[in-house]
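Have a look at the model first, then go through the points below.

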Amino acid sequence: MPQKNERFLVASNRLPIVLERINEKWEARPGSGGLVTALTPLMKQNHGTWVGWPGVTGEEDLKSPLQDFASEQGYSLHPVSLSDEDLQGYYYGFANEVLWPLLHGFHTKCNFEPGYWERYQAVNDRFAQELLAISSKNDFIWVHDYHLMLVASGIKIGFGQRNCCYFHHIPFPGPDIFLKLPWRREILSALLDFSLLGFQTNEDVANFIRCLEAVFSDTKQRFSQGLHEIRCGSRTTRAGAFPISIDFDSFAHLAASNEVSQTTAKLKRLHADQQVILGIDRLDYTKGIPERLEALRYALLHFPDLRGNLSLIQVLVPSRQEVPEYQNLKERIQGLIGEINGQFTEPGWIPIHYLYRSLSREELVSFYLAADIALLTPLWDGMNLVAKEYCACNYHEDNVLILSEFAGAASQMYQDALLVNPHNVVNVAQVIRRAYYMHKSERAERMKRLRESVRKNDIYFWLRTYLEAAFEGKSRIGSSRRSYFYLAERCSEAS
Ligand code: GDG
């Protein structure tokens, strides 16, 4: 754990704030994610600074809202300003059009534009220089996610010695996919400059090591004290799986609150004689939404007993609306919803209810509570926090989680969620039916175990285990065991 005299610096693409323009002035509110909540006490205690892009260009009038935020929250924010060209090349370009699709296995969607790579390097270097300028060698720097994979290397090039660690929130693919990247050697080499590399699953760690072995012939690794010790030539680092989680208690409390129960009751009344299936996703091609809709169509077509008795509420949270690919996906989803509703709607029953907006946290929890079944079918996902939030909220323990085996969360939930291959619409349809008919005693047993596991392995546990690995070089959850897929197959067979 960091000592009192060691400052704690976090770097991520965005600062953990929501900026609002009120009476011609910017105001900064803290972001609502579990990561921010979990890190805040540590940041306060260790004179923390969070480094990132504030979310708007032209930062001079941000000084005072950022200072107000620091005095209210007890830690500082250090903005890294980005020009429109930086944003286009580094963020929309390299992060969104190269790394996001590649690392989720969609290499055919990548735009390997050399100019994007130039900007990515320049912005990563800027983050490194800013971090160097505001830190000293006793400080601990924790870099988050794929936007900033070159930062430790930038710090080293600037002759800085820092304890600089990294956590990767999205999947890491194997060499068959990763090696398509024109800058594979540079990125892998830069990652080796971090002293600890955290991934979501053992599968991600194994893929990363296989990529190293493919690119650097002198790669050696051994598993010790829950971590992989990796040596490539003269460089050494450690890597391990640290499945991220949620603030269980805050979700469980909100779920039991009056604010939420009224909306939940309304939703339940609306679907009084039916079971509700819930899908909540940011609009993204990795989330498997068309596949989910096709599975529902198949279920309604082949299992007439479900018609009139089961409805899907699909919440789509707007995202990257300016990108044509995302507009096309939205149109495709809306087209499918229209077709399925047109095909099956009967007086008094509509198969799919569709919301295209983001929900308040209270609304979100009401939807979790009103749903008898959650249907989360990403084609590949780092973790999928919605799966964990859904379990945390459902204190009645009378509901079912259907989860893609390609969500990182499946590595922890495979025994009690019903796992599906989202590409196999027939299987997903069968599993929907199985969930619909699952007896309440089986629901309760499964959900109880799921909730207990999410409660025990919450975001604070994740933080502690990561920091133990960073400071003591060992992990209590580490395992060299690789894949859960074979088990998953057995666990999710439809009856
Ligand atoms: C990355 C990785 C990994 C969603 N809609 C609303 C809303 N949400 C919140 C959920 C949940 C989060 O957004 C989405 O969960 P993800 O797991 O997809 O998290 P991301 O940060 O988007 O993604 C992912 C994660 O990092 C953590 O490492 O799991 O694989 O891609 O918390 O509650 N919140 C509100 N309204 C909504 O409409 N308030």
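1. Let's begin with charge: across the interface of domain 1 and domain 2, the rule (a side-chain nitrogen of Lys or Arg within 4 Å of a carboxyl oxygen of Asp or Glu) finds one salt bridge. K109 forms a salt bridge with E325, and their closest N and O atoms are 2.7 Å apart.

2. A word on what you're looking at: this is a predicted model, where local features need pLDDT of at least 70 and side-chain atom pairs count only at pLDDT 80 or more, while totals for chains, interfaces and linings use all residues. Residues are numbered from 1 along each chain as its sequence is written, and side-chain values use heavy atoms, with hydrogens and water left out.

3. Where are the domains? The assignment, which is automatic or from a database, gives domain 1 as 8–244 + 458–494 and domain 2 as 248–456. Their C-alpha centres lie 29 Å apart.

4. As for the contact itself (heavy atoms within 4.5 Å), 32 residues of domain 1 touch 35 residues of domain 2. The two domains bury about 2600 Å² between them, 60% of it on carbon and sulfur atoms; that is accessible area (1.4 Å probe) lost on putting the two parts together, summed over both.
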